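Let's take a walk through a protein together.

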Amino acid sequence: MTLCLFDLDGTLIDSEPGITACIRYAFDKLGVPAPAELRSWIGPPLRHGFAPLLDHDAERVEAAVDYYHERFATLGWREHAIYPGIATTIERLHASGHPLAVVTSKPERHARPILENLPFGDTFARLYGPDPASPHSEKASMIAAALADFGVAPEQAAMVGDRRFDIEGALANRVRAIGVLWGFGSREELELAGAQALASDPGHLAEMLA
């Protein structure tokens, strides 16, 4: 059986409405105009996006992150949609006996209520999220933790995600890196990062993993 590790945003759910609304809220609270294009912010750690637009002022960057979390904790976590076909894929993998876990750049305190409210959320045995204070993606360290927790070798695992951080984290652990084309990253981004396979839709992904 393959340990199937899934990214959350852009892989299981389309979280663009909630994330972008929270980013705009943070800029508004700081009195700074928000950039028009925010889709590329989804996936990388928030500080990567805020820093260059706030003159790399550490105090203002942290204030922006705090404002983001303030809105996300009450409203933003609910503002998402499940990608069509994902539920069927997850349920198929679970029924086949594959252990499942989520590895996300979202802090666990935000990711857990989302996962618990997904109709297939209870199929995931574990959830891995970074330290909220970390400016880094931490995908590699979280994937390493998953391998240790489940007691599987790298060749018995696959990481599924839509951004280069997912692919890079997988390759750092010698885990199969599968990119998905329905999320927030492009085919070019995933290929440049070294994705070993690309899934065009959830049904295609199920075939790859099953």
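A cavity is a set of points where a 1.4 Å probe fits but cannot get out. In this predicted model, there is one cavity of 30 Å³ or more. Which elements give two or more residues to its lining? They are α1, α2, α3 and α7 (164-172), and α3 provides the largest share, with four residues.

In total, 29 residues line the cavity, and P44, P45, L46, S105 and K106 lie nearest its centre. Sorted by class, the lining has 14 nonpolar, eight charged and seven polar residues.

L46 takes us on to helix α2, which covers residues 46-53. The buried residues here are L46, R47, G49, F50 and A51, and they pack against α1 (16-30) and α3 (58-74). Following α2 you will find D55, with a positive phi near 55°.

Now find helix α4, residues 86-95, where I86, T89, I90 and L93 are buried. Why do these residues lie on the same side of α4? They cover an arc of only 95° around the axis, so they share one side of the helix.

Just after α4 comes G97, with a positive phi of about 95°.

Technical notes:
Residues are numbered from 1 along each chain as its sequence is written. This is a predicted model: local features need pLDDT of at least 70, side-chain atom pairs count only at pLDDT 80 or more; totals for chains, interfaces and linings use all residues. Side-chain values use heavy atoms; hydrogens and water are left out. Buried means under 20% relative accessible area, exposed over 50%, partly exposed in between (1.4 Å probe, protein chains only). The arc is that of the directions from the helix axis to the C-beta atoms. Contact means heavy atoms within 4.5 Å. On a 1 Å grid over the protein atoms alone, a cavity is a set of points where a 1.4 Å probe fits but cannot get out, and a pocket is an open set with protein on both sides within 12 Å along at least five of seven lines; lining residues have an atom within 4 Å of a point. Grid points are joined across faces, edges and corners, and a volume is the space filled by probe spheres set on the points. Ala, Val, Leu, Ile, Met, Phe, Trp, Tyr, Cys and Pro count as nonpolar, Asp, Glu, Lys and Arg as charged, and the others, Gly among them, as polar.
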